[in-house]
Amino acid sequence: MMEDNTSLLATATRAELRYRLENALECGQVWPAFQPIVDLRSGSLAGFEILARWSDPEAGEISPVQFIPILDKHELVDALLEGLMRSACTAAAQWQGRFFLAFNVTPGQLLSDDLPERLSVLASQTSFPLTRTQLEITESSLISDSTAAFRTLDRLSKIGVAISLDDFGTGYSSLARLEAFPFRKLKIDAQFVRGLEYDNRKRRIVSAVVGLGQSLGITIVGEGVETDAEAAILRALGCPLGQGWLYGKGVPASEARKVCERLAERAAPVALLDTSPFQQLHQLEALYDQAPVGLCFLDLHYRHVRANDIFAAMHGVTGRELEGKTIYDVMQGETLRRVETVLNKALGPDPLPPQDYLIGKREYRVFAQKVNEIGGENIGFSVVAIDVTEQNRVLRTLKQSEEHFRHAVELNPDIAWATNAEGDLYYISPTFEDSPNDTMQCRIDRWLAKMHPDDRARVRSAWLQWIPTGKPWEVQFRIAWPDGTYRTVLSRARAHLDVEGTVLGWYGVISDRAPG
């Protein structure tokens with residue numbers, strides 16, 4: 001049936017075809033299908049592309065691929081565009097949101113001097129803002145008469161209609177035209193989007209188009225998005241908008257309104273961010289130039305693709321001089337063998353711990369991490385080098401100081417002790433009698449056992465009575481000496497107070513008070 005009906009359209013006269021089209025538009029047989037275009041970051045609705053659909057009661061669905069060329073041949077596409085705009089804008093004017101409506105125009109329509117005026121009239125009749133309408137044209141539209149096309153597009157742009165270049169990358173448009181014409185949006189053709197997760201060539205093409213659009217201030221739309229993986233890659237490459245079956249096919253106005261309400265429940269569209277490779281390149285440039293550590297990127301052949309001067313200084317050269325050289329050009333001996341081994345291991349599934357190297361007279365801590373591009377393919381190594389020479393020197397000095405302090409405490413005849421605010425002993429410094437494996441409680445118990453039995457109750461009672469005063473305290477008592485005798489010692493303490501004078505704890509010292 002559809003083939004017969006299409007054949008009938010093809011053989012109809014212009015008058016017959018106009019009557020059939022006008023009747024189909026009036027009866028709703030030719031109707032606008034709304035396909036959503038979404039913000040890839042927030043998932044919210046950005047707009048709809050309006051697609052022409054013809055549902056003939058006898059022939060069924062007639063493909064636009066079949067009927068639009070016939071209408072174009074008989075110069076009836078203006079009537080089709082006006083019918084679609086009137087129907088779509090009238091319906092969408094009742095919906096909430098700041099979404100746009102995008103309509104397709106043919107090359108011939110761009111040569112019409114009155115196109116801007118007709119669109120203005122239509123917009124005013126439907127109450128849908130003209131500034132929220134867009135026209136999508138193909139690259140081939142600019143070939144026949146670029147001067148006339150530019151004149152029409154320029155006038156459309158001045159009255160607020162945004163111009164979008166559809167199926168970018170499949171036609172013959174030059175970069176000069178892209179820069180000269182008032183394009184506000186580029187649509188990456190679906191053939192470059194499908195299979196993005198499997199084809200790194202497509203990823204590079206999309207990345208280049210996104211960067212081109214961003215550098216010219218043109219919004220990019222990825223067409224033909226069918227999987228979450230494709231959407232994720234587009235988002236990661238900096239593409240702000242997406243369109244395709246993942247978000248929905250073209251649907252009638254009644255269903256499109258539900259789509260509008262559903263997507264409006266999500267976060268508001270994110271303001272367009274420049275996340276293009278072009279912007280990221282400049283960010284990386286600034287990071288390499290200003291970072292206080294050594295930064296380097298090695299490819300899978302161990303060549304220095306990029307290095308800052310701090311990293312290159314390890315090898316006695318500048319960053320520019322190091323770029324292009326392999327690790328075999330600047331290293332040798334045990335250091336080279338270690339680096340090669342580490343890089344090989346970095347390609348494995350587990351992250352590597354930092355490695356310490358002595359290069360010349362300087363000590364470096366180096367972090368090496370494999371780098372995967374968006375599709376998961378290994379493309380090289382990111383290397384960060386930190387000069388830890390001074391840090392290690394300080395740590396060694398500190399360790400020596402700590403050991404010296406520990407030995408001094410152990411050999412000191414004075415014993416330090418500490419309690420909490422309630423007077424409970426929680427620390428006492430070690431003596432030569434203590435084992436390194438002793439717990440703090442063992443040391444405390446050993447000291448309490450040394451105290452003369454007649455002094456324990458007295459000292460404990462005096463201590464607990466003194467605590468509430470918060471004043472300096474001292475007491476004398478006897479302890480057992482290694483030779484079996486008892487010697488008198490002096491214990492003194494001061495309270496540790498906060499800014500409000502509340503006791504936080506006590507610190508004390510036990511000193512030998514033996515005669516002479």
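Which residue in strand 4 is the bridge partner of Phe 48? I looked there and found Leu 101.

**Ground rules**

I am working on a predicted model, where local features need pLDDT of at least 70, side-chain atom pairs count only at pLDDT 80 or more, and totals for chains, interfaces and linings use all residues. Residues are numbered from 1 along each chain as its sequence is written, and side-chain values use heavy atoms, with hydrogens and water left out.

I take helices (H or I, at least four residues) and strands (E, at least two) as DSSP runs, numbered from the N terminus. I call two strands paired if DSSP finds at least two bridges between them.

**Entry: strand 4**

I went on with strand 4, residues 100–104. Strand 2 (residues 45–56) runs parallel to strand 4, and 4 bridges join them. I then checked strand 5 (residues 133–138), which also pairs with strand 4 in the parallel sense, over 4 bridges. Here Phe 103 has Leu 135 of strand 5 as its bridge partner. I looked up burial too: 4 of the 5 residues of strand 4 are buried. Buried means under 20% relative accessible area, exposed over 50%, and partly exposed in between (1.4 Å probe, protein chains only).

Two packed helices are described by the angle between their axes and the distance between the axes. I note that axes are lines fitted to C-alpha atoms, for helices over the stretch in contact, and that angles run from 0 to 180 degrees between N-to-C directions.

I began with helix 4 (residues 77–92) and helix 5. Their axes come within 9 Å and cross at roughly 30°. That makes helix 4 roughly parallel to helix 5. The classes are under 35 degrees for roughly parallel, over 145 for roughly antiparallel, 65 to 115 for roughly perpendicular, and oblique for the rest. The crossing is right-handed. A crossing is right-handed if the near helix is turned clockwise from the far one by less than a right angle, and left-handed if anticlockwise.

I listed the contact residues, contact meaning heavy atoms within 4.5 Å. Helix 4 brings residues including Leu 81, Met 85 and Cys 89, and helix 5 brings Leu 115, Leu 119 and Leu 122, among others. The residues of this contact divide into 6 nonpolar, 3 polar and 4 charged. Nonpolar covers Ala, Val, Leu, Ile, Met, Phe, Trp, Tyr, Cys and Pro; charged covers Asp, Glu, Lys and Arg; the others, Gly among them, are polar.

Next I took helix 5 (residues 115–126) with helix 6 (residues 146–158). Their axes come within 9 Å and cross at roughly 30°. Helix 5 and helix 6 are therefore roughly parallel to each other. Helix 5 passes helix 6 in a right-handed crossing. Leu 115, Pro 116, Glu 117 and Leu 119 of helix 5 meet Thr 152, Arg 155 and Leu 156 of helix 6. I count this contact as 4 nonpolar, 1 polar and 2 charged residues.

**Entry: two positive phi values**

I found Ser 127 in the loop between helix 5 and strand 5. Its phi is positive, about 70°, although Ser 127 is not a glycine. Is Ser 127 buried or exposed? Ser 127 is exposed, at a relative accessible area of 60%.

Tyr 302 sits in the loop between strand 10 and strand 11. Phi of Tyr 302 is near 65°, positive in a residue other than glycine. Tyr 302 counts as buried, at 9% relative accessibility.

**Entry: sheet 11-10-14-13-12**

This open sheet has 5 strands in that order, with antiparallel pairing. Strand 11 (304–307) and strand 12 (355–359) are the edges, each pairing on one side only. The twist averages 30° from one strand to the next. Strand 10 (residues 294–298) and strand 11 pair over 3 bridges. Within that pair, Cys 296 stands opposite Ala 307. I then found helix 16 (residues 333–346) packed on the sheet, touching strands 10, 12, 13 and 14. Its direction makes about 155° with that of strand 12.

**Entry: sheet 16-15-19-18-17**

I looked up another open sheet of 5 strands, again with antiparallel pairing. Its edge strands are strand 16 (425–428) and strand 17 (473–480). Strand 18 (residues 486–497) and strand 19 (residues 503–512) run antiparallel, joined by 9 bridges. Leu 497 has Val 503 as its bridge partner in strand 19. Helix 18 (residues 440–450) packs on this sheet, and its direction makes about 90° with that of strand 16. Helix 19 (residues 453–466) runs at about 160° to strand 17.
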